[in-house]
Structures are given as structure tokens and as C-alpha cells.
Amino acid sequence: MRIYENLFIVKPDATEEEIDHLVEQMSKNVTTAGGTVDKVDKWGKRRLAYRVAKHREGHYVLIQFTAGPETVSEFERRLRVQDSVIKFLTVRIDETLKRLEKRKKEREKRAHRRPQSAPVQPSLAAQMLGGDGGAHPAPGLPSQNAPAQSAPANLAPAPPTTGTEE
């Protein structure tokens, strides 16, 4: 038994009752062949990427089911003879699900191996500047931790100006 997804497009002029009947008929075919229908999604009327059988839009229906390969060929044969179905595609997804599950387990394993509270490593530039994460300012800039420095001794502050200058 394998897991499959089948997406088929029904003509846009089909009614909801016709679509429901078609979905029910296809689901019944899978269950009578020994498979199970896992999920049925009706996406509604959507615009097609290109014209198919003189139609620009159609009703999209996705059915996910578990069955054997012979059931899939019968499923597709029945879709081919339906006048209301303009296009369909069946994809086997069990291999993809296995691959995704394997990746998820590998990620979890790596997450458990990784230390939770690793110390922050200073960058290479910070190590070259002094090794303490950049506590030393660049030349010519005052340090944030150092007290404010007064003006050099050879520069006296300018005397205050008054409004009455000649």
C-alpha cells in the first residue's frame, strides 16, 4: 500500500452536486479496491495557467488516498472517461513523506547535540582590535567607558562673548 495524491480539474460549468457526486464515486472506487481515502480538498473554481479544452478556469479537487498501484490505474482510467474532468495528475507521495520525516529526525538529532548555551565567541575583527569584543574605541574617538577628557592645556577655552562688541 502506498500513499497517492490525485488532483483533477472539473469543467467550470459543473454544479456543486456534480462535483460532489464525482468525488463520492471516485472515493467509493478506492475503498472497494481495498484502499482508504485520507483527505478530500475541494479548492473551488480557479483560473487555469493556460487554456485546456477551450476552458480558462475549472474546479480543482485534490484527493489523497492509500492504495496499491493497480487501484491507481483504475482510478485514472475512470477519470479519463469522465466528460466533466478536463485534466488530472496522480503523484505518489509516500517516498516524499519518508524523506521529510528522515530530515526532521536528523534536524532534531543535531539540535540535541548542539550545546544550548554556548558562549559568545568574539569576532575576528574584535580579536585583532584587542580581544575583548571591541571595548577599545577606534583611534581618535572617545571611549564610552572612559571619563570625558578636558581640552588640551595649550588650548584655552574661548572667553564668553557679550552682546556689546565694538
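Select H1 (16-32) and H2 (69-81), helices here being DSSP runs of H or I with at least four residues, and strands runs of E with at least two, numbered from the N terminus. In this predicted model, these two helices pack at an angle of about 155 degrees with their axes 10 Å apart, the axes being lines fitted to C-alpha atoms over the stretch in contact and the angle running from 0 to 180 degrees between N-to-C directions. H1 and H2 are therefore roughly antiparallel, a term for angles over 145 degrees.

Next, show the side chains between the helices: Met-26, Asn-29 and Val-30 in H1 meet Thr-71, Phe-75, Arg-78 and Leu-79 in H2, where contact means heavy atoms within 4.5 Å.

Then select Phe-8, Ile-63, Phe-65 and Phe-75, which have the most contacts inside the largest nonpolar core, a set of 17 residues. Such a core joins buried Ala, Val, Leu, Ile, Met, Phe, Trp, Tyr and Cys residues through side-chain atoms within 4.5 Å, buried meaning under 20% relative accessible area with a 1.4 Å probe, protein chains only. Strands S1 (2-10) and S3 (55-67), together with H1 and H2, each give two or more residues to this core, and the largest share, five residues, comes from H1.

Centre on Ile-63, whose contacts include Phe-8, Val-23, Met-26, Val-37 and Phe-75, not counting residues up to four places away in sequence.

Finally, select Ile-9, Val-52, Tyr-60 and Ile-86, which belong to a second, separate core of five residues.

Residues are numbered from 1 along each chain as its sequence is written, and side-chain values use heavy atoms, leaving out hydrogens and water. Local features need pLDDT of at least 70 and side-chain atom pairs count only at pLDDT 80 or more, whereas totals for chains, interfaces and linings use all residues.

Methods: Buried means under 20% relative accessible area, exposed over 50%, partly exposed in between (1.4 Å probe, protein chains only). Angles under 35 degrees count as roughly parallel, over 145 as roughly antiparallel, 65 to 115 as roughly perpendicular and the rest as oblique.
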